[in-house]
Amino acid sequence: MNITQVKVIVTNPGRNFVTAKIETSEGISGVGDATLNGRELAVATYLSEHVAPMLIGRDAFAIEDTWQLMSRASYWRRGPVQTAAQSAIDMALWDIKGKALGVPVYQLLGGRCRTGVMAYTHAGAAEISETIDDLQMFIEQGYHAVRLQCGVPGVPDVYGVDRDTSTQPGAGTERPYVEGWDTSAYLGVVPKLFEAAREAVGFGTHLLHDVHHRLTPSEAGWLGKRLEDHRLFWLEDALASDYQSAYRLVRQHTTTPLAVGEVFTSLVDCEQLIREQLIDYVRASAVHAGGLTGLRKIAAFAEPYQVKTGCHGAADMSPITMAAALHFGVSTHNVGIQERALHPEEADDVFPHAYTFSDGYLDPGEAPGLGVDIDEALAERYEYRRGYLPVVRLRDGTLTNW
Ligand code: EZ4
Ligand code: CO
């Protein structure tokens, strides 16, 4: 069965998504997600101009060889534009193989080793009391794990707070919009948030928090230590992880579990973090770390170090990535949790899918392949809109990490 066509579909059902659809000589097709939030057309162009031509005529079953080809053929290694394209092709080929053999992809990955993947979702409001209300609502909906964010006094616009995360920040704006930041005020409020949360719901629900790359190693160590009594499931992206060795200092100062890596594109980005056991969870996703093949390589490396995965699952990755994460999630031993943010309804219509959520757990379903498709006619109705992720400036105007 040979690859006959690689279509690149760009659509905006509530937010932008880039999809690769691979067609084969036997009429079986597969889909893969290539969405890179804020840089969508770079990946779409890379796919259509540079990747698609070299895949035509190749054996659609040669997943590993195609993955290696995509890693090596460009000579220029890694980088999120390249790996998003590679991820989409990889997912689509797993989808095709599952459909051709009549089995859900998780069977190809070794079969089920758990009944479902625990999901966490996001509670975040300006006031601590409102975040706790959201937390209680999610517990009623069945969640066993919830990420908590809250407003930072004196900072008007903060990551993870009071925004419908299903939609695209800044879509249609000509420039990235600007958020503020104040580390001192933030470090003052976060311990209060978790104190209030534990008081309200006890220890029966896992609580998570995303620092979103804002702290220095010593600040992160302080915060982790300060939160220890509240027993977080994880503290995410405490630092920008460009220098993996920076986590040594954080690790030495706190036993709060650490999660890193939604921006990682390969094992190279987290090899030291894992080998030195500087983290507990790696956040790499099927769409940015080389598809199911790339994700499996990271997980296999992490397993003996007792590092688990907690795949990035924000709404800016399409339902195809969620499906891939769940096939991986039920078949891979060291999977810890899966992030779940709801997609806009229109996106769920454009990408009909077999996965389900019940009692806090996600399941990939039993459909052959990934169990997700793209309705191309519907996708065509939603035109791409340029959008940017925000940027952050301190009070004195200094640009810092979003
Ligand atoms: O900022 O997906 O944990 N989730 C996150 C997300 C990311 C966005 C970036 O595109 O940090 O909200
Ligand atoms: Co995050």
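The crossing of helices H5 and H6 is right-handed. The structure described here is a predicted model. Helix H5 covers residues 128-140, and helix H6 covers residues 183-201. Their axes come within 10 Å and cross at roughly 40°. H5 and H6 are therefore oblique to each other.

Helix H1 spans residues 40-55 and helix H3 spans residues 80-101. The axes of H1 and H3 come within 9 Å, with a crossing angle of roughly 55°. That angle makes H1 oblique to H3. The crossing of H1 past H3 is right-handed.

The cobalt ion (ligand 2) has three named protein residues as donors: Asp210, Glu236 and Glu262. Asp210 contributes through OD, whereas Glu236 and Glu262 contribute through OE. Along the chain, the donors of the cobalt ion (ligand 2) follow the spacing D-x25-E-x25-E. Asp210 belongs to strand S7 (residues 206-210), while Glu262 sits in the loop between strand S9 (258-260) and helix H9 (271-275). Asp210 and Glu262 are 52 residues apart in sequence, so the pair ties together separate parts of the chain. Both Asp210 and Glu262 are buried.

The geometry of the site was then considered. The cobalt ion (ligand 2) has 6 donor atoms, with angles of 25 to 175° among them. The site is classed as irregular. Ideal angles for six octahedral donors are 90 or 180 degrees. To count as octahedral, six donors need opposite pairs over 155 degrees apart and all other angles between 65 and 115.

His212 is not a glycine, yet its phi is positive, at about 55°. His212 is located in the loop between S7 and helix H7 (217-227). With a relative accessibility of 3%, His212 counts as buried. Asp237 also has a positive phi, about 40°, and is not a glycine. The loop between strand S8 (234-236) and helix H8 (247-253) holds Asp237. Asp237 is buried, its relative accessible area being 1%.

Thr216 lies in the loop between S7 and H7. At 34% relative accessibility, Thr216 counts as partly exposed. Its C-alpha atom is separated by 9.8 Å from that of Tyr247, 31 residues away along the chain.

Salt bridges were searched for across the whole structure, and 16 were found. One of them joins Glu23 to Lys7, with the closest N and O atoms 3.8 Å apart. This pair links distant parts of the chain. Glu23 is in strand S2 (residues 17-24) and Lys7 is in strand S1 (residues 3-11), 16 residues apart. Both partners count as partly exposed: Glu23 has a relative accessibility of 22%, and Lys7 has 25%. Glu23 and Lys7 also belong to a network of salt bridges that includes Lys21 and Glu376.

Arg112 takes part in salt bridges with two acidic residues, Asp363 and Glu366. The side chains of Asp363 and Arg112 meet at 3.0 Å, N to O. Asp363 is in strand S14 (residues 361-363), whereas Arg112 is in the loop between helix H4 (105-108) and strand S4 (117-125). The two residues are 251 residues apart, and their pairing links distant parts of the chain. Asp363 is buried, with a relative accessible area of 17%. Arg112 is partly exposed, at 33%.

In the bridge between Glu366 and Arg112, the closest N and O atoms are 3.1 Å apart. Glu366 is placed in the loop between S14 and helix H13 (376-380). Glu366 and Arg112 are 254 residues apart, and this pair too links distant parts of the chain.

Methods. Residues numbered from 1 in each chain as written. Chains lettered and ligands numbered in written order. Predicted model: local features only at pLDDT ≥ 70, side-chain atom pairs only at ≥ 80, totals over all residues. Heavy atoms only, no water. Salt bridge = Lys/Arg side-chain N within 4 Å of Asp/Glu carboxyl O. Helix = DSSP H or I, 4+ residues; strand = E, 2+ residues; numbered from the N terminus. Buried < 20%, exposed > 50% of the residue type's maximum accessible area, 1.4 Å probe, protein only. Donors = N, O, S within 2.8 Å, 3.2 Å for Na, K, Ca; no water. Tetrahedral: all angles 85-135°; square planar, octahedral: opposite > 155°, others 65-115°. Axes fitted to C-alpha atoms, helices over the stretch in contact; angles between N-to-C directions. Parallel < 35°, antiparallel > 145°, perpendicular 65-115°, else oblique. Left-handed = near helix turned anticlockwise from the far one by under 90°.
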